[in-house]
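Let's take a look at this one together. Have the sequence and the model open as you read.

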Amino acid sequence: MAAGTALEAMTMATAQEIAAEEFSAVVTKHRPQIFRFLLSSTRDVDLAETLTQECFLKAHRNWGRFRGESSAMTWLMRIAINLQKDHWRNRRLQFWRKTQTNAVELDEASDWLPSGERSVEQQLMARERVAQVGQAVEELSERQRTVFLLRYVEELELSEIARATGLNEGTVKAHLSRALARVRAELGGKR
Amino acid sequence: MSFKDKTDAVNAAGEELNPELDLALREFRLSVHAWSEAAFSRPRTAFAAGRRKQVWLLAAGWALSVVLVAVGVSTGVWENHRQEMRMAAARMAEHERQAAEQRNQQARQEDEDLLAKVDSDVSREVPSAMEPLAQMMAGDETQ
């Protein structure tokens, strides 16, 4: 009886160790992507870092309940999207607080465009195009922006986007189509 | 062009992306990836949050001190003002009391004068207008 209890305890400890190792591997693998999505959504490095930490903290707490029905990436992305939504909802309620000053204009993000082997003129044009896309993205609704970023920055498949956002694929397509129309108009209007 | 690149040329809704839009989206993705990598690998200062908290606490402390001083000064000024108002009111009340007393005294004096006059009028044997005639009559009687 006592030997059985000791064995169970050892098995449980081993299982916990394995789970911790698994989770650690998941963090190492997906943290940059979650951070990138939150950074492109919020345009605030500090906020993106805070939300990324909260995302993995929440994931750690619920790791035992993760059944693997979707990929860990999709599951984590869903947590990140919900955290981001909660954050903006709370911010809207805290109307007395000043707007976060750390948020950067997406024009600044275009500064990070790798130069490659292009001429200066080509680089300037590329920066201009990135700034225009950034401007269009900024004007999208929250949901359209999320879907757009998941598709064109994170390169997720439609089914993954649907799982991560909790929308059906048809709705995801509709949001993407509207977002693209907006980007197209922005690029066309300023040509 | 890789398979992934080819599929990118058609958007999720099945619409064909024009080359310019496709290029813009690709560049946007590259810039966000580069920005994110730079931000992710930047050196982090562990004390940043603590320092920010300290700055907030310091600012809050200053603000609280300023508010307390302002409240203290304004309370003193207000109390002084109230004291002056009370004293002015007391002075005015005293002044009014004295004026009323003076008026009462004057009225009493006038009443007394009137009464004295009435008394003198009533105590005469004949009205003042008849006095010369009464004197003549008194003279006749003595003769």
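## What counts as buried

A residue is called buried if 20 or more other C-beta atoms lie within 10 Å of its own, and exposed if 12 or fewer do. Keep in mind that this is a predicted model.

## A look at A:Ala162

So is A:Ala162 buried or exposed? A:Ala162 has 20 other C-beta atoms within 10 Å, so A:Ala162 is buried. You'll find A:Ala162 in helix α7 of chain A, which covers residues 158-165.

Who touches A:Ala162, once you set aside its neighbours within four places in sequence? Those contacts are A:Leu167, A:Asn168, A:Glu169 and A:Val172. There's also A:Thr74, which sits 88 residues away along the chain, with 9.4 Å between its C-alpha atom and that of A:Ala162.

## Chain A as a whole

Of its 191 residues, 34% count as buried. If you take the contacts in chain A between residues at least 6 apart in sequence, 67% of them join residues at least 24 apart.

## Where chain A meets chain B

The contact draws on 28 residues from chain A and 21 residues from chain B. On the chain A side, the elements giving two or more residues are α1 (2-42), α5 (120-138), α6 (142-152) and α8 (169-189). The largest share comes from α8(A), with seven residues. By type, this side of chain A splits into 18 nonpolar, five polar and five charged residues.

Key: Residues numbered from 1 in each chain as written. Chains lettered and ligands numbered in written order. Predicted model: local features only at pLDDT ≥ 70, side-chain atom pairs only at ≥ 80, totals over all residues. Helix = DSSP H or I, 4+ residues; strand = E, 2+ residues; numbered from the N terminus. Contact = placed C-beta atoms within 7 Å. Nonpolar A, V, L, I, M, F, W, Y, C, P; charged D, E, K, R; others polar.
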